[in-house]
Amino acid sequence: MTSTLLTRIGELTTNVAADGDPCGTLHDAVVVIEDGRIAWVGPVAEAPAADEIVDAGGRAVIPGFVDSHTHLVFGGDRADEFEARMTGVPYAAGGIRRTVAATRGASDDELRARLAGFVAELHAQGTTTFEIKTGYGLSVADEARLARLAAEVTDDVTFLGAHVVPAEYADDRDAYVDLVCGEMLDACAPYSRWIDVFCERGAFTPEESRRVLDAGRARGLRARMHGNQLGHGDGVQVAVAAGAASVDHCTYLSEEDVTALAGSDTVATLLPGVEFSTRQPYPNARRLVDAGVTVALASDCNPGSSFTSSMPLMIALAVREMGLSPAEAVWAATAGAARSLLRDDVGVIRPGARADLVLLDAPTRVHLAYRPGVPLIAGVWKDGVSL
Ligand SMILES: [Zn+2]
(Lines give C-alpha, C1' and ligand atoms only; values in the text may rest on other atoms or scores of the structure.)
Protein backbone atom coordinates (compact mmCIF):
# COMPACT_ATOMS: atom_id res chain seq x y z
CA MET A 1 0.00 0.00 0.00
CA THR A 2 1.64 3.23 -1.13
CA SER A 3 0.71 6.64 0.16
CA THR A 4 0.83 9.91 -1.73
CA LEU A 5 1.36 13.27 -0.07
CA LEU A 6 0.06 16.26 -1.98
CA THR A 7 1.89 19.18 -0.42
CA ARG A 8 2.19 22.98 -0.65
CA ILE A 9 -1.48 23.42 -1.56
CA GLY A 10 -1.97 27.20 -1.57
CA GLU A 11 -5.74 26.98 -1.15
CA LEU A 12 -7.52 23.75 -0.28
CA THR A 13 -11.31 23.58 -0.57
CA THR A 14 -12.37 20.74 1.74
CA ASN A 15 -16.14 21.43 1.95
CA VAL A 16 -15.89 20.51 5.63
CA ALA A 17 -17.74 23.57 6.98
CA ALA A 18 -15.80 25.52 9.58
CA ASP A 19 -16.13 28.97 11.16
CA GLY A 20 -18.96 30.04 8.88
CA ASP A 21 -17.08 28.91 5.74
CA PRO A 22 -19.08 26.15 3.99
CA CYS A 23 -16.03 25.46 1.77
CA GLY A 24 -13.81 24.71 4.79
CA THR A 25 -10.91 26.54 3.15
CA LEU A 26 -7.35 25.78 4.31
CA HIS A 27 -4.09 27.43 3.24
CA ASP A 28 -0.60 25.94 2.96
CA ALA A 29 -2.19 22.54 3.34
CA VAL A 30 -1.37 18.91 2.74
CA VAL A 31 -3.58 15.99 1.71
CA VAL A 32 -2.43 12.40 2.16
CA ILE A 33 -3.95 9.72 -0.08
CA GLU A 34 -3.81 6.06 0.88
CA ASP A 35 -5.61 3.06 -0.57
CA GLY A 36 -7.90 5.21 -2.71
CA ARG A 37 -9.09 7.29 0.22
CA ILE A 38 -8.13 10.54 1.93
CA ALA A 39 -6.00 9.55 4.91
CA TRP A 40 -4.97 12.90 6.36
CA VAL A 41 -5.63 16.64 5.85
CA GLY A 42 -3.70 19.38 7.65
CA PRO A 43 -0.97 22.02 7.61
CA VAL A 44 2.36 21.55 5.84
CA ALA A 45 4.28 21.82 9.11
CA GLU A 46 2.52 18.78 10.58
CA ALA A 47 2.50 16.55 7.50
CA PRO A 48 3.25 12.86 8.10
CA ALA A 49 5.70 10.87 6.01
CA ALA A 50 4.55 9.30 2.73
CA ASP A 51 5.94 7.13 -0.08
CA GLU A 52 5.40 9.65 -2.84
CA ILE A 53 5.32 13.45 -2.74
CA VAL A 54 3.53 15.69 -5.22
CA ASP A 55 4.27 19.42 -4.97
CA ALA A 56 1.21 21.57 -5.71
CA GLY A 57 3.48 24.61 -5.86
CA GLY A 58 1.07 26.92 -4.07
CA ARG A 59 -1.80 26.18 -6.42
CA ALA A 60 -5.42 25.42 -5.44
CA VAL A 61 -6.93 21.97 -4.88
CA ILE A 62 -10.68 21.25 -4.82
CA PRO A 63 -12.76 18.06 -4.59
CA GLY A 64 -13.39 16.42 -7.97
CA PHE A 65 -16.52 17.77 -9.63
CA VAL A 66 -19.73 15.79 -9.20
CA ASP A 67 -21.91 15.97 -12.33
CA SER A 68 -25.25 14.78 -10.98
CA HIS A 69 -27.26 15.11 -14.20
CA THR A 70 -26.18 13.80 -17.61
CA HIS A 71 -27.70 11.94 -20.56
CA LEU A 72 -24.53 10.41 -22.00
CA VAL A 73 -25.76 7.22 -23.70
CA PHE A 74 -27.05 8.22 -27.12
CA GLY A 75 -26.42 8.00 -30.84
CA GLY A 76 -26.00 10.86 -33.30
CA ASP A 77 -25.95 14.57 -32.55
CA ARG A 78 -28.16 17.56 -33.35
CA ALA A 79 -25.70 20.21 -34.45
CA ASP A 80 -28.02 21.21 -37.31
CA GLU A 81 -30.84 21.87 -34.84
CA PHE A 82 -28.51 24.00 -32.67
CA GLU A 83 -27.31 25.97 -35.68
CA ALA A 84 -30.89 26.62 -36.77
CA ARG A 85 -31.86 27.76 -33.26
CA MET A 86 -28.88 30.13 -33.08
CA THR A 87 -29.51 31.62 -36.52
CA GLY A 88 -33.26 31.97 -36.21
CA VAL A 89 -33.98 29.64 -39.12
CA PRO A 90 -37.31 27.82 -38.79
CA TYR A 91 -36.55 24.18 -38.24
CA ALA A 92 -38.82 21.17 -37.83
CA ALA A 93 -36.86 19.72 -34.94
CA GLY A 94 -37.57 16.12 -34.08
CA GLY A 95 -36.01 16.88 -30.71
CA ILE A 96 -35.62 13.98 -28.30
CA ARG A 97 -37.39 11.60 -30.67
CA ARG A 98 -34.68 12.16 -33.25
CA THR A 99 -32.00 11.11 -30.79
CA VAL A 100 -34.17 8.12 -29.84
CA ALA A 101 -34.13 6.95 -33.46
CA ALA A 102 -30.33 7.36 -33.74
CA THR A 103 -29.80 5.61 -30.40
CA ARG A 104 -32.00 2.64 -31.29
CA GLY A 105 -30.04 2.32 -34.53
CA ALA A 106 -26.64 2.22 -32.80
CA SER A 107 -24.97 -1.02 -31.71
CA ASP A 108 -23.85 -1.69 -28.13
CA ASP A 109 -20.24 -1.28 -29.20
CA GLU A 110 -20.94 2.03 -30.89
CA LEU A 111 -22.70 3.38 -27.79
CA ARG A 112 -19.98 1.96 -25.53
CA ALA A 113 -17.21 3.63 -27.54
CA ARG A 114 -19.06 6.94 -27.50
CA LEU A 115 -19.57 6.67 -23.76
CA ALA A 116 -15.88 5.92 -23.19
CA GLY A 117 -15.08 9.12 -25.06
CA PHE A 118 -17.41 11.11 -22.84
CA VAL A 119 -15.95 9.59 -19.68
CA ALA A 120 -12.46 10.62 -20.82
CA GLU A 121 -13.82 14.09 -21.56
CA LEU A 122 -15.35 14.33 -18.06
CA HIS A 123 -12.16 13.18 -16.34
CA ALA A 124 -10.01 15.63 -18.31
CA GLN A 125 -12.24 18.46 -17.06
CA GLY A 126 -12.04 17.42 -13.41
CA THR A 127 -15.31 15.50 -13.08
CA THR A 128 -14.72 12.37 -11.00
CA THR A 129 -18.32 11.35 -10.18
CA PHE A 130 -21.20 11.43 -12.65
CA GLU A 131 -24.77 10.25 -12.97
CA ILE A 132 -26.12 8.97 -16.30
CA LYS A 133 -29.77 8.74 -17.32
CA THR A 134 -31.44 6.44 -19.81
CA GLY A 135 -34.24 8.00 -21.84
CA TYR A 136 -33.21 7.69 -25.49
CA GLY A 137 -34.38 4.07 -25.82
CA LEU A 138 -38.03 4.33 -24.79
CA SER A 139 -38.69 0.64 -25.48
CA VAL A 140 -38.22 -2.12 -22.93
CA ALA A 141 -35.20 -3.61 -24.71
CA ASP A 142 -33.55 -0.29 -25.55
CA GLU A 143 -34.02 1.29 -22.12
CA ALA A 144 -32.57 -1.84 -20.47
CA ARG A 145 -29.65 -1.70 -22.93
CA LEU A 146 -28.89 1.93 -22.06
CA ALA A 147 -29.15 1.24 -18.32
CA ARG A 148 -26.79 -1.72 -18.68
CA LEU A 149 -24.23 0.31 -20.69
CA ALA A 150 -24.42 3.23 -18.23
CA ALA A 151 -23.91 0.82 -15.32
CA GLU A 152 -20.58 -0.19 -16.87
CA VAL A 153 -19.18 3.27 -16.10
CA THR A 154 -21.12 4.60 -13.06
CA ASP A 155 -22.99 3.45 -9.95
CA ASP A 156 -25.44 6.32 -10.35
CA VAL A 157 -27.67 5.15 -13.19
CA THR A 158 -31.08 6.77 -13.52
CA PHE A 159 -34.00 5.10 -15.28
CA LEU A 160 -35.71 7.82 -17.32
CA GLY A 161 -38.18 5.87 -19.44
CA ALA A 162 -40.51 8.80 -18.71
CA HIS A 163 -38.38 11.24 -20.74
CA VAL A 164 -40.98 11.77 -23.49
CA VAL A 165 -43.84 9.68 -24.89
CA PRO A 166 -42.37 7.91 -27.95
CA ALA A 167 -43.99 8.42 -31.35
CA GLU A 168 -45.50 4.93 -31.42
CA TYR A 169 -47.51 5.71 -28.26
CA ALA A 170 -48.57 9.24 -29.27
CA ASP A 171 -52.23 8.21 -29.35
CA ASP A 172 -52.14 6.10 -26.19
CA ARG A 173 -49.97 7.78 -23.57
CA ASP A 174 -51.66 5.85 -20.75
CA ALA A 175 -50.38 2.62 -22.25
CA TYR A 176 -46.86 4.09 -22.34
CA VAL A 177 -47.00 5.15 -18.68
CA ASP A 178 -48.21 1.62 -17.85
CA LEU A 179 -45.21 0.20 -19.71
CA VAL A 180 -42.76 2.54 -17.92
CA CYS A 181 -44.20 1.61 -14.52
CA GLY A 182 -44.33 -2.10 -15.33
CA GLU A 183 -42.26 -4.11 -17.76
CA MET A 184 -39.75 -1.35 -18.57
CA LEU A 185 -39.08 -0.61 -14.91
CA ASP A 186 -38.63 -4.34 -14.23
CA ALA A 187 -36.04 -4.53 -17.01
CA CYS A 188 -34.11 -1.40 -15.90
CA ALA A 189 -34.28 -1.57 -12.10
CA PRO A 190 -31.44 -4.13 -11.76
CA TYR A 191 -29.01 -1.63 -13.33
CA SER A 192 -30.44 1.54 -11.76
CA ARG A 193 -30.19 3.43 -8.49
CA TRP A 194 -32.61 6.21 -9.45
CA ILE A 195 -36.00 6.82 -11.08
CA ASP A 196 -36.63 10.11 -12.91
CA VAL A 197 -39.50 11.69 -14.84
CA PHE A 198 -39.77 14.81 -17.02
CA CYS A 199 -42.71 16.60 -15.35
CA GLU A 200 -43.52 19.44 -17.73
CA ARG A 201 -46.25 20.61 -20.08
CA GLY A 202 -45.68 18.58 -23.25
CA ALA A 203 -43.95 15.76 -21.37
CA PHE A 204 -45.61 14.08 -18.36
CA THR A 205 -48.41 15.46 -16.15
CA PRO A 206 -48.11 15.77 -12.37
CA GLU A 207 -50.40 12.73 -11.98
CA GLU A 208 -48.35 10.65 -14.39
CA SER A 209 -45.15 11.83 -12.70
CA ARG A 210 -46.40 10.75 -9.28
CA ARG A 211 -47.26 7.33 -10.71
CA VAL A 212 -43.79 6.89 -12.21
CA LEU A 213 -41.96 7.96 -9.05
CA ASP A 214 -44.18 5.77 -6.86
CA ALA A 215 -43.58 2.75 -9.10
CA GLY A 216 -39.83 3.28 -8.98
CA ARG A 217 -39.78 3.77 -5.21
CA ALA A 218 -41.78 0.56 -4.80
CA ARG A 219 -38.93 -1.17 -6.65
CA GLY A 220 -36.34 0.32 -4.30
CA LEU A 221 -35.16 3.15 -6.56
CA ARG A 222 -34.71 6.67 -5.20
CA ALA A 223 -36.56 9.56 -6.84
CA ARG A 224 -35.21 12.55 -8.74
CA MET A 225 -37.04 14.69 -11.27
CA HIS A 226 -36.86 17.09 -14.22
CA GLY A 227 -39.21 19.95 -13.36
CA ASN A 228 -40.02 23.65 -13.83
CA GLN A 229 -37.70 23.98 -16.84
CA LEU A 230 -39.94 25.58 -19.46
CA GLY A 231 -42.55 27.28 -17.28
CA HIS A 232 -44.28 27.31 -13.93
CA GLY A 233 -45.83 23.99 -12.96
CA ASP A 234 -46.26 21.38 -10.26
CA GLY A 235 -42.89 19.63 -10.71
CA VAL A 236 -41.24 20.99 -7.57
CA GLN A 237 -44.30 20.25 -5.42
CA VAL A 238 -44.56 16.68 -6.76
CA ALA A 239 -40.83 16.10 -6.21
CA VAL A 240 -40.85 17.44 -2.65
CA ALA A 241 -43.98 15.43 -1.77
CA ALA A 242 -42.31 12.29 -3.15
CA GLY A 243 -39.20 12.90 -1.05
CA ALA A 244 -37.08 13.21 -4.19
CA ALA A 245 -33.36 13.69 -3.58
CA SER A 246 -33.31 16.38 -6.26
CA VAL A 247 -35.50 18.37 -8.60
CA ASP A 248 -33.55 19.48 -11.62
CA HIS A 249 -33.80 22.66 -13.76
CA CYS A 250 -35.90 24.85 -11.37
CA THR A 251 -35.84 27.72 -13.86
CA TYR A 252 -39.41 28.90 -13.17
CA LEU A 253 -40.26 28.87 -9.46
CA SER A 254 -43.11 30.42 -7.47
CA GLU A 255 -42.68 31.64 -3.89
CA GLU A 256 -44.48 28.45 -2.79
CA ASP A 257 -41.96 26.34 -4.71
CA VAL A 258 -39.01 28.08 -3.03
CA THR A 259 -40.64 27.71 0.39
CA ALA A 260 -41.34 24.00 -0.23
CA LEU A 261 -37.73 23.38 -1.28
CA ALA A 262 -36.35 25.30 1.71
CA GLY A 263 -38.45 23.19 4.08
CA SER A 264 -37.36 19.88 2.53
CA ASP A 265 -34.24 17.77 1.96
CA THR A 266 -34.78 18.00 -1.81
CA VAL A 267 -31.83 19.64 -3.58
CA ALA A 268 -32.49 22.18 -6.36
CA THR A 269 -30.13 21.19 -9.18
CA LEU A 270 -29.54 24.01 -11.65
CA LEU A 271 -28.42 23.24 -15.21
CA PRO A 272 -27.24 26.52 -16.74
CA GLY A 273 -25.79 24.81 -19.81
CA VAL A 274 -29.40 24.49 -20.98
CA GLU A 275 -30.20 28.18 -20.70
CA PHE A 276 -26.83 29.03 -22.28
CA SER A 277 -27.43 26.69 -25.23
CA THR A 278 -31.07 27.62 -25.81
CA ARG A 279 -30.95 31.37 -25.04
CA GLN A 280 -33.49 31.02 -22.26
CA PRO A 281 -33.49 33.05 -19.01
CA TYR A 282 -31.27 31.57 -16.28
CA PRO A 283 -32.67 30.28 -12.98
CA ASN A 284 -32.17 32.58 -9.97
CA ALA A 285 -29.67 30.73 -7.82
CA ARG A 286 -29.24 33.69 -5.45
CA ARG A 287 -32.92 33.59 -4.49
CA LEU A 288 -32.67 29.86 -3.69
CA VAL A 289 -29.50 30.10 -1.60
CA ASP A 290 -30.86 33.12 0.30
CA ALA A 291 -34.03 31.13 1.09
CA GLY A 292 -31.96 28.30 2.53
CA VAL A 293 -32.38 25.84 -0.35
CA THR A 294 -29.49 23.45 -1.05
CA VAL A 295 -28.33 24.16 -4.61
CA ALA A 296 -26.36 21.87 -6.93
CA LEU A 297 -24.89 22.56 -10.36
CA ALA A 298 -24.74 19.95 -13.13
CA SER A 299 -24.16 19.93 -16.89
CA ASP A 300 -27.29 18.13 -18.20
CA CYS A 301 -24.92 17.01 -20.98
CA ASN A 302 -27.21 15.87 -23.83
CA PRO A 303 -27.23 16.33 -27.61
CA GLY A 304 -30.31 18.59 -27.72
CA SER A 305 -30.29 21.35 -25.14
CA SER A 306 -26.81 21.33 -23.55
CA PHE A 307 -24.03 19.49 -25.34
CA THR A 308 -21.30 20.41 -22.86
CA SER A 309 -19.77 18.39 -20.04
CA SER A 310 -17.79 21.30 -18.59
CA MET A 311 -18.39 21.86 -14.89
CA PRO A 312 -16.04 24.89 -14.91
CA LEU A 313 -18.41 26.42 -17.48
CA MET A 314 -21.37 25.75 -15.15
CA ILE A 315 -19.48 27.50 -12.34
CA ALA A 316 -18.69 30.50 -14.53
CA LEU A 317 -22.34 30.78 -15.63
CA ALA A 318 -23.64 30.42 -12.07
CA VAL A 319 -21.39 33.27 -10.95
CA ARG A 320 -21.84 35.55 -13.96
CA GLU A 321 -25.54 34.95 -14.68
CA MET A 322 -27.19 33.43 -11.61
CA GLY A 323 -25.91 35.45 -8.66
CA LEU A 324 -23.71 32.93 -6.85
CA SER A 325 -20.34 33.82 -5.38
CA PRO A 326 -17.41 31.80 -6.74
CA ALA A 327 -17.22 29.87 -3.45
CA GLU A 328 -20.95 29.06 -3.56
CA ALA A 329 -20.71 27.89 -7.17
CA VAL A 330 -17.73 25.60 -6.50
CA TRP A 331 -19.55 24.18 -3.45
CA ALA A 332 -22.68 23.56 -5.56
CA ALA A 333 -20.63 21.74 -8.26
CA THR A 334 -19.00 19.45 -5.68
CA ALA A 335 -20.67 19.09 -2.26
CA GLY A 336 -24.12 20.25 -3.43
CA ALA A 337 -24.18 17.82 -6.35
CA ALA A 338 -22.94 15.01 -4.08
CA ARG A 339 -25.85 15.74 -1.75
CA SER A 340 -28.27 15.51 -4.68
CA LEU A 341 -26.95 11.98 -5.27
CA LEU A 342 -27.17 11.14 -1.54
CA ARG A 343 -23.41 10.61 -1.52
CA ASP A 344 -21.24 11.60 1.45
CA ASP A 345 -18.06 9.91 0.16
CA VAL A 346 -17.44 12.40 -2.67
CA GLY A 347 -17.54 16.19 -3.05
CA VAL A 348 -15.58 16.55 0.18
CA ILE A 349 -11.92 16.27 1.24
CA ARG A 350 -11.82 14.70 4.69
CA PRO A 351 -10.27 11.52 6.09
CA GLY A 352 -12.24 8.51 4.87
CA ALA A 353 -13.71 10.15 1.76
CA ARG A 354 -12.76 8.93 -1.70
CA ALA A 355 -9.52 10.47 -2.90
CA ASP A 356 -11.12 12.37 -5.79
CA LEU A 357 -9.20 15.62 -6.18
CA VAL A 358 -8.51 18.30 -8.74
CA LEU A 359 -5.34 20.42 -8.83
CA LEU A 360 -6.03 23.76 -10.50
CA ASP A 361 -3.44 25.63 -12.51
CA ALA A 362 -4.41 28.69 -10.46
CA PRO A 363 -3.84 30.03 -6.95
CA THR A 364 -7.56 30.03 -5.97
CA ARG A 365 -10.87 28.42 -6.94
CA VAL A 366 -12.11 31.90 -7.91
CA HIS A 367 -10.18 31.49 -11.16
CA LEU A 368 -12.73 28.88 -12.32
CA ALA A 369 -15.20 31.74 -12.81
CA TYR A 370 -12.66 34.54 -13.27
CA ARG A 371 -11.00 32.83 -16.27
CA PRO A 372 -13.95 31.29 -18.15
CA GLY A 373 -13.09 28.98 -21.01
CA VAL A 374 -9.46 28.56 -19.97
CA PRO A 375 -8.33 24.98 -19.24
CA LEU A 376 -7.25 25.22 -15.59
CA ILE A 377 -7.28 21.52 -14.68
CA ALA A 378 -3.63 20.65 -13.93
CA GLY A 379 -4.19 17.27 -12.28
CA VAL A 380 -7.02 14.85 -11.46
CA TRP A 381 -7.04 11.98 -8.96
CA LYS A 382 -9.90 9.46 -8.97
CA ASP A 383 -9.95 6.97 -6.09
CA GLY A 384 -6.39 8.01 -5.39
CA VAL A 385 -5.17 7.26 -8.91
CA SER A 386 -3.74 10.10 -10.97
CA LEU A 387 -5.64 10.18 -14.28
ZN1 LIG B 1 -31.87 16.33 -18.27
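The legends below describe close-up views of one predicted model, in which local features need pLDDT of at least 70, side-chain atom pairs count only at pLDDT 80 or more, and totals for chains, interfaces and linings use all residues. Residues are numbered from 1 along each chain as its sequence is written, and side-chain values use heavy atoms, with hydrogens and water left out.

View 1. The zinc ion is coordinated at 2.0 to 2.4 Å by the NE2 atoms of His-69, His-71 and His-226 together with an OD atom of Asp-300. Donors here are N, O and S atoms within 2.8 Å of the metal (3.2 Å for Na, K and Ca), and since water is not among the atoms, sites may look incomplete. The arrangement is irregular because the 4 donor atoms subtend angles of 82 to 170° around the zinc ion. For reference, four donors count as tetrahedral if all angles lie between 85 and 135 degrees; four count as square planar and six as octahedral if opposite donors are over 155 degrees apart and all others between 65 and 115; anything else is irregular. Along the sequence, the spacing of the donor residues is H-x1-H-x154-H-x73-D. His-71 lies in the loop between strand S6 (65-67) and helix H1 (79-87), and Asp-300 in the loop between strand S14 (295-297) and helix H11 (311-322), so this pair ties together parts that are 229 residues apart in sequence. Helices (H or I, at least four residues) and strands (E, at least two) are DSSP runs, numbered from the N terminus. His-71 is buried, with a relative accessible area of 2%, and Asp-300 is also buried, at 2%; buried means under 20% relative accessible area, exposed over 50%, and partly exposed in between (1.4 Å probe, protein chains only).

View 2. When residues up to four places away in sequence are not counted, Ile-315 touches Phe-65, Leu-297, Ala-329, Val-330, Ala-333, Leu-368 and Ala-369, where contact means heavy atoms within 4.5 Å. The buried residues of H11 include Met-311, Met-314, Ile-315, Ala-318 and Met-322. At the start of H11, a side-chain oxygen of Ser-310 reaches to within 3.0 Å of the backbone nitrogen of Leu-313, whereas just after H11 Gly-323 takes a positive phi of about 85°.

View 3. Ser-264 is found in the loop between helix H8 (255-262) and strand S13 (267-270), and at 19% relative accessibility Ser-264 counts as buried. A polar atom of the Ser-264 side chain lies 2.9 Å from the backbone oxygen of Leu-261, and the side chain of Ser-264 also reaches the backbone nitrogen of Thr-266 at 3.0 Å. A polar contact is a pair of N or O atoms within 3.5 Å; within protein, one must be able to donate a hydrogen and the other to accept it, and residues adjacent in sequence count only if both atoms are side-chain atoms. Val-293 has its place in the loop between helix H10 (285-290) and S14 and is buried, with a relative accessible area of 6%. Leaving aside neighbours within four places in sequence, Val-293 is in contact with Val-258, Leu-261, Ala-262, Ala-268 and Leu-288. The C-alpha atoms of Val-293 and Val-258 are separated by 7.5 Å, although the two residues are 35 apart along the chain.

**View 4. Strand S15 and its partners.** Leu-357 and Leu-359 on one side of strand S15 (residues 357-360), and Val-358 and Leu-360 on the other, are all buried, so that both faces are covered. Strand S5 (residues 60-63) pairs with S15 in the antiparallel sense over 3 bridges, and Ile-62 has Val-358 as its bridge partner. S15 also pairs with strand S16 (residues 377-382) in the antiparallel sense, over 4 bridges, with Leu-357 opposite Trp-381. Two strands pair if DSSP finds at least two bridges between them.
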